[in-house]
Amino acid sequence: MALLEVQKLSKHFGGLTAVANNNFVVNQGEILGLIGPNGAGKTTIFNLISGFLRPDQGTIVYKGKEIQGLTPHEISRRGLMRTFQTAQAFPYMTTLQNVMVGGFMHDRNRKRVEKSALETLEFTGLVEQKEKKAENLTIGDSRRLEIAKALAGRPSLLLLDEVMAGLNETEIAEAVELIKKIRDRGTTIFIVEHVMQAIMSLSDRIIVINYGRQIAEGSPEKVAKDNRVIEAYLGEEYVIE
Amino acid sequence: MTMSSPGKKLYTVLIVPLIIFLVLPIFAGSYLLHIMIFIFFYAYLSQCWNILSGYTGQFSLGHAAFLGVGAYTSSFLFSQYSLTPWVGMFIGALVSLCVGLFIGHICFRFGLKGAFFALATMAFAEILRILFLNLPSMGGAQGLLLPLRGNAPLLYQFEGKAPFYYIALIMMLVSVAVAYAIERSKTGFYFKAIHQNEESAEALGVDTKKYKVIAVGLSAAMTAFGGTFFAQYFMYIQPDNTYSTFVSFDIMLRSIIGGMGTVAGPVIGSFILTPLAEITRSFLGGKSGAHLMIYGLILMAVCIFLPQGVYPGIKKWLTRFQSE
C-alpha cells in the first residue's frame, strides 16, 4: 500500500532543473533508498516532500491527501518527518531537551514528554548523553540525536538525509541496526545515503536519480547491475556491454 | 529536566533578599526607595523584553513602543474620561497586545529576521514617537500632565513612595514567575527551539511564525503595564521619555548584561545597571547622557569577560567551583 505517492514532481532553480518529472511511491513498512551522484537532486526531493520547498509542478499525496503547499510544521504534524543532512540540533539545549521539543508535538505535559523522551534516548543509545549540551556531542551522537528528535514526534514516514555521512565503520553498522529497529517498530523509511554498503543492505527498493531524473528503480541487486546507474556514477567507459 | 545543583541553591537563597525587600520601606529613605523602585521597574520591563528577545531570539530594539502605548492609553483615558488607571492599564495592555500582534504578524509574515526585525521594531517606535509629538489630542510635544488627586489609591495615586515600591516589587515578581513558568512549559521549549534553530523547529512540528507572534504579543502586553506605572509614578508623560530609543536601550541592556534567555538575568542586570545609572544621573546632574557612557563601559566589560551575561557567568563559575 502506498503511504506516499509522488506524481510529476518538478522543481527548477532559475534555469537549473533540480527535479524533473519524478514519479514514485513509498510503500507502507518498507525502507526505500534514494541514491544518485552529488547534486542529483536528492535533498531537493526531500525538501519538496517535507514542505521546505514548494514544487513547480506535480502532486505529493501522503496518506491519501495532497500535501504540497503545506508548511513544514503542518506536514510533520501529520506524521511525515525528516532529518537534516547537516545535523541541526538546538545547540544550547541538552540532548534530552532536544528530544523533548519533538515530543511536545503530541503532548503539553512536561513530565510525560520527558518520560517518553528518555525512552527515545534509550532506544537510540543516547541515554548516557542526556545531560550533555547538543553542541558538545560527537558526530556519531549528533547524528543519533538528529534521528531521536524526529522519532519523538512518532512519525509514520521518516525521511533520513545522509545520517551516516562522516561516521566510521562501527558507527555505520550501529546506524544500520538502528534504522532497521525503527522500521521494525512500524515506521516507514525513505533514506538518502552515500554510504553504498549501508544503503544496499538496508533498502528493500532503491530509486536512482541523476540530474533530477529517475534513471533506475528496483531491488538493490538490480540497480547495482544497471548500466545507466554505473554510467551515472563512474562514466560511460566503465559500462560493460 | 533536572536543574543543576547551583541553580537550585540560587533559588533557595532568594528567600533572604525577598524578606529584605518586603521590610525595606520601613527603614529606607525616599532616595533609596526611588532607586529600588527603578531597579524593580526596569527588571520588570527587561523581563518582558527577555521573553521575546532572550528566549525566542527575536531582537526588539523598539520596546519603548509598547511602554508608550500603555502609558498613553491609561493616561488618556484617565485625563479625558476619568477612568481609573487600574482599569486603564488593562486596556493599555490590550491595545499594546494588538499593536504587538500587528507588528509581529507583518514582520514574520514577510520573514523578517535578525537585524531586519530589530530595525523594523526600532522604526516602529520612532514612528509612534513622531506621531505622538504631532498629535494635539495626546498633548503633542508638551505631553500629558495627569490630573493630581492627592492620595487616591483607587486612582493609582499615592503620597509617598512606599506604595509604588510595593507595586513595582509585585510587578517584578510576577514577571519572574511568568518567565519561570514559560521556561518550563511547551511554549518555552518552542521559544528556545526557534531561537536556536528555526528550520529544525519547523521540522519538529513547531509553528514558528505563530509562536513568534505569540511572544511579541505577550511581551508587548506585559510591557504596557510598565507604561502605566511609569505614568502614575511621574504623573507626566511625553513622547521623548516614553517612545524614545533610549528607553528601548534602557530596557534591553539589563537583560543583555544580566544574561539573556535566563529567568534571573534581567533582575541581576537591573541591580547592576539601574543604581549606576541613577547615581551617575544625580552626580553629573545636568549632563544628560552621562549614564549612557557608563552603560557603554559596562557593556564592553561584559562582552569581553562574560559574553553570555553576568548570571550565566556566575553559574558556570559556581559549577566549576563545586566540581573541584
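Which residue, with a positive phi, follows α3(B)? The residue is B:Gly57, whose phi lies near 80 degrees. The structure is a predicted model, in which local features need pLDDT of at least 70, side-chain atom pairs count only at pLDDT 80 or more, and totals for chains, interfaces and linings use all residues. Residues are numbered from 1 along each chain as its sequence is written, chains are lettered from A and ligands numbered from 1 in the order in which they are written, and side-chain values use heavy atoms, with hydrogens and water left out.

Helix α3 of chain B covers residues 30–55; helices here are DSSP runs (H or I, at least four residues), numbered from the N terminus. Its 26 residues should span 38 Å at 1.5 Å a residue, and the end C-alpha atoms are 35 Å apart, which agrees. The expected span is 1.5 Å times one less than the number of residues. A kink of about 40 degrees is centred on B:Trp49, the bend being the angle between axes fitted to the seven residues ending there and the seven starting there. Of the 26 residues of α3(B), 23 are buried (under 20% relative accessible area, with exposed over 50% and partly exposed in between; 1.4 Å probe, protein chains only).

Aromatic side chains form the next topic. Over all chains, the whole structure holds 34 aromatic pairs (rings of Phe, Tyr and Trp, the last by its six-membered ring, with centres within 6.5 Å; planes under 30 degrees apart are stacked, over 60 edge-to-face and the rest tilted). The rings of B:Phe90 and B:Phe225 have centres 5.2 Å apart and planes at 80 degrees, so this pair is edge-to-face. Because B:Phe90 lies in helix α5 (residues 85–109) of chain B and B:Phe225 in helix α10 (residues 208–234) of chain B, the pair ties together parts that are 135 residues apart in sequence. B:Phe90 is exposed, at 53% relative accessible area, whereas B:Phe225 is buried, at 19%. Ring pairs also link a cluster whose members include B:Phe38, B:Trp86, B:Tyr156 and B:Phe229.

Helix α2 of chain B (residues 15–27) supplies five residues, the largest share, of a nonpolar patch. B:Leu22, located in helix α2 of chain B, counts as partly exposed because its relative accessibility is 46%.

In chain A, A:Glu122 belongs to helix α4 (residues 110–124) and is exposed, with a relative accessible area of 55%. A:Glu122 and A:Thr86 are 36 residues apart in sequence and 23 Å apart in space, C-alpha to C-alpha.

Definitions and conventions
Helices (H or I, at least four residues) and strands (E, at least two) are DSSP runs, numbered from the N terminus.
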